[in-house]
Amino acid sequence: MGESKWIPTVCYQCKAECAILARVEDGVVREVKGNPLARGKMCVKGMAGITTLYSQERLKRPMKRVGERGEGKFVDIGWDEAMDIMEKKLRELMKNGEAHKFTYSMFPHSTTDPKWRFVNAVGGFISTGLPHCDSAKIMAHLHTFGCFPNHHIAPMYYTVPRGGIMILSGRHPFGCLDDASVPKHILDAKERGAKLIVIDPIFRTEAAKADWWIPIKPGGDAALFLGMASHMLKKGLYNKAFCDKWVREGDMDKLAAFLKDKTPEAMSKICEVPAKDIIKLAEMCAAAPSVSVDAFKSIMYGNGMDWGHAWSIFLVITGNLDNPGGQPLPEIAPMAAVAPVPPAPNLKELGYHRTGPNRDKFNHYNFILEPTWYAAQAVKEGNLKVFFASECNPALSEMGSGEWRKAMTMKDKKGNYLLELFVVTEILPSETMKWADLVLPDQTNFERWELLYMPWWYNFGHTAAVCQPVVKPIGESRHANRVMIDLGKRMFPEFFAFKDDVEYYDIELSGVGMSMQKVLDGGALWSPGTVGFRKYEDAGKFNTASGKIELEWRMYKDIGQEWPSPELPLEFRRDADKYPFILVNFRTIFLNNTGAWSQNNAQLRDSVSGLDANPLLLNPIDAARLGIADGATVTVESSTGKVRIPVMFTEKIKPGCAGIIHGFGQTMGKVAARGKWIGDNELIADAGSHLDEQDLRGGEAHVSTRVRIAK
Amino acid sequence: MKQLSIMVDLDRCIGCKTCIVACRNHYGLVDHEKSMPGSMSHYLRVESECTGSYPNLAEDYWVVMCQHCKKPPCIKACEAGAIHKDVQTGIVLIDKNKCVGAKKCIEKCPYAVIQFDAPGKFAHKCTLCYDRVIHGQVPVCVEVCLADALSFGEKEILLMQADAAGKKVVKKKSTQSILYVKS
């Protein structure tokens, strides 16, 4: 045996960025584990990262499409040719005044990402999932108490006191998307005497550990919490001292008037949680020293803004803001700018954001970013001509997979693709790459440098995570960030004058007195000191226009949305006769959503160490009604898509719901392509042409889908 | 008698399978390049049991590894004499060099935890990380457990700890050297 040592770096099998140690022996990664200097945990996805690193299916050289899009036929080319293709097309676009028709779909950690810098230098758009799943909660909390506690800023479970209540409302923290230490922290809190309440139409591992599982009708969260709030106000069970001091004058009276008819009995009819249980939970929360609420899937539904508003109201009237065991209000730690900074394009003027039928109505809303997630619609409308994608798999994740595929292959009268150039960077074969013109071999977290920075974002508060290469890269793979820096140096030397990626990250970190090496020395994670509690007391105000908590959203008075609607998402309320089941698509710890690197990871798709099937989950009550046998293959159909899939009976799903695990359906790669499994996005309506109210009330919401099931 | 043990706390195990992959990595059980799902050896597996009917459900998760039996049937089954129970630790060990690949131990194991290496023609299984524990380290699965559901130590001490924490041994799961406990 040669030299063997444990080297600190960061996991990137999902977006949680847990600090890890990699044991490298003779230049090969042998094992990995959580870094005890920084929370010390690593989940199964991370453990299986070595299989991603060394899989024989790793993409090793740049490839160029031959044949038509969708055929998945490629030939190897050199990096120079790949760079030339990208540069030529982008220069052409810029020359024609169409730079804004370039979009990069990625998962950046902030505007400090070098890929984002490149997009800005071109004058293109960023397309990101950042606000996609967060917008409703972020905007709700911003409007109400002026802070950014998005869904990745999970409650700090290690601060929950004895008797505190932890509510998970459509949330799967044991899936480890915040940090791999979160499951331990929740279980530790339980051992201290905290209570775990799980509100979910599906009984999962969290429900198995919960003191109380409350099955709910999907999208009913706003109704449930408004029912609780109504009961609390009526019975005087709210935190009066907190509200008297911090809520804007007059808002509590207006809230009481609004909640008058939102009784537990009335709300029970919407959310299907018995009124006595709404009352019981409200009284438990009122008596507890702390209550935390965490939600993820539920905040993505078509009524996300209403649910976010109801959630905010609940936190306020129970006084659970920035207290131990309550909702943390994170702060911002700004990195240094790498000057000169390329200006961002004027998105308001140029944007094709929200290309739904009710586009004009979106002018009512303010969003933190201008995401351009609906690529299919943008291509159809001629607003997207060059598309780059990294660390995402839009063929399986864009709403409405069928329309996305159609858009990728649409041609003009001359027979040219409407989308003129499509480039993807991938570690392992992905579904998306079938439609790409250029496929660039990306690197795993074991091969690359990266500063992962999110001022208020991930990992319940960590600000910076540093990934360092621990082994030599496989083949000719290059990290996407480095590719965009190299392309930037060719096209915009003034904005890419720094030496390399490491120097770029070091300049950024100097803004907080850190460097890549210093962060690594500390265990690869960094955040600025104590989180502190009740910071609004020190400041004497909340960060809102009035300095107080603003329960009434006056900015939406013109559209009658000053207060949250308790109704289910519109998509769940209509066509119930035609499509009687609500689709509940959900994730597990074993797969990083549609990420190709977990779908094609043999250990994560092994039934012993991962998950190898996503059958349709049905309650036996429903199955009996439909006359379907366990294991039979059925047709599941939504208003826009249809799939054939085997059924599995389970008591663990609420009747009226049909469950499908997200993250399957890939046909590229030997591991992923096995089995008769499907991608749930085949059933989800195309965002560009179908979604209407969902976007209005949901912020950047999606995935509210009804289906019917037939033999 | 000395008996080292792992205690599996059913109140904490979430069935996440982290231990399975960490163990595989440590012992090099996976050919990362070529292995396909369904073909990889594993020294642990996760089991679960859901009881009740909607909406009154309960579910437990636990890991199953070699139980390092008090009177191991695998030792009796092995005609080559390749298996023994270590006196110092109570760990049941297979001597790869003595194993003739008869698979008798696999047939007789009541917990179905013994693996077979087809190319090398030998049986192998969880050693309770013998090479680690005799140097004072804990087994890999215990070190990496996401939920801190696993503890390692002398069986008698673990039993005492379980008692102090108000947990009972779930004898239905095993009456051998691995302890399954629950409040």
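Among contacts in chain A between residues at least 6 apart in sequence, what percentage join residues at least 24 apart? The figure is 74%, where two residues are in contact if their C-beta atoms, placed from the backbone, lie within 7 Å.

Colleagues, this is a predicted model, in which local features need pLDDT of at least 70, side-chain atom pairs count only at pLDDT 80 or more, and totals for chains, interfaces and linings use all residues. Residues are numbered from 1 along each chain as its sequence is written, while chains are lettered from A and ligands numbered from 1 in the order in which they are written.

I turn to chain A. Its 711 residues would give a compact globule a radius of gyration near 27 Å, and the value of 25 Å for chain A agrees; the radius is taken over C-alpha atoms, and the rule is 2.2 Å times the number of residues to the power 0.38. Of these residues, 61% count as buried, that is, with 20 or more other C-beta atoms, placed from the backbone, within 10 Å of their own C-beta.

An automatic or database assignment divides chain A into domain 1 (63-128 + 334-439 + 476-514), domain 2 (135-330) and domain 3 (570-710). Taken over C-alpha atoms, the centres of domain 1 and domain 2 of chain A are 37 Å apart.

Finally, the interface. Chain A contributes 41 residues to the contact and chain B contributes 33. On the chain B side, α1(B) provides the largest share, six residues; helices here are DSSP runs (H or I, at least four residues), numbered from the N terminus.

Conventions:
Helix = DSSP H or I, 4+ residues; strand = E, 2+ residues; numbered from the N terminus. Buried ≥ 20, exposed ≤ 12 C-beta atoms within 10 Å, placed from the backbone.
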